[in-house]
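Good morning, and thank you for the time.

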Amino acid sequence: MNQNPSTSYWENIYATKDTQKVGWYQPRPALTLSLIEELAIPRDSQIIDIGGGDSYLVDNLLADDFRNVTVLDISSKAINKAKLRLGEKSKLAEWIVSDVREFKPNRQYNLWHDRAAFHFLTAEADISYYVETAKNGIVENGLMIIGTFSDKGPSTCSGLPVRQYSLVDLQNTFSPHFETVRSFNIDHITPSGQSQNYSFCVFRRKTN
């Protein structure tokens, strides 16, 4: 492992912190849900939430009759929290405990979602691996929704350095394999009342 977050670091975060008070907490991920609606994602789509751990996106997708939802997170504790919260409904989703820097998809997804996981990758090799993994893990013409701290956003999150991206930076990073459908900046207000500026892009995977 390099300087990027380790499994033990994130296990400790989810073991010791109230996840309803962490900076990325959203009781309802309204932005992502509105994008999914705007993009008219079919209910039978294969969807993966990267770094989804204890986020409430899976709850909302299952409640809206999406049935092929996968959640990937580096922390088993985060995933177990989500499973406990969902109860029997957790069996309707697939759960993968993995560092995204080591993830090898065993299928291709119609929608790849990542809010605030990718920006923790600061080493060029890890960023390149992620881009290649996303290319391999998304069907041709499939979609990716990705959000990172912007160049006007924080430089750290949960005590770790992050890589900030302007919209142009984010588009350039994925441009070898993805075309931009939409891009915008938006402020997220944390549970403590702080404003964090994000860069969001919707990408479509290019055909080979």
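This is a predicted model: local features need pLDDT of at least 70, side-chain atom pairs count only at pLDDT 80 or more; totals for chains, interfaces and linings use all residues.

Residues are numbered from 1 along each chain as its sequence is written, and side-chain values use heavy atoms, without hydrogens and water.

A nonpolar core here is a set of buried Ala, Val, Leu, Ile, Met, Phe, Trp, Tyr and Cys residues joined through side-chain atoms within 4.5 Å; buried means under 20% relative accessible area, with a 1.4 Å probe and protein chains only. The largest such core has 30 residues, of which V58, L61 and W95 touch the most other members. Helix α3 (57-63) is among the elements that give two or more residues to this core, and α3 gives the most, with four. A second, separate core of 25 residues includes I50, W112, I127 and I146.

The buried residues of α4 are A78, I79, A82 and L86. They fall within an arc of 95° seen down the helix axis, so they line one face; the arc is taken from the directions from the axis to the C-beta atoms. Just after α4, G87 takes a positive phi of about 65°.

Finally, K135 lies in helix α5 (residues 124-137). Is K135 buried or exposed? K135 counts as buried, because its relative accessibility is 18%.

Key
Buried means under 20% relative accessible area, exposed over 50%, partly exposed in between (1.4 Å probe, protein chains only).
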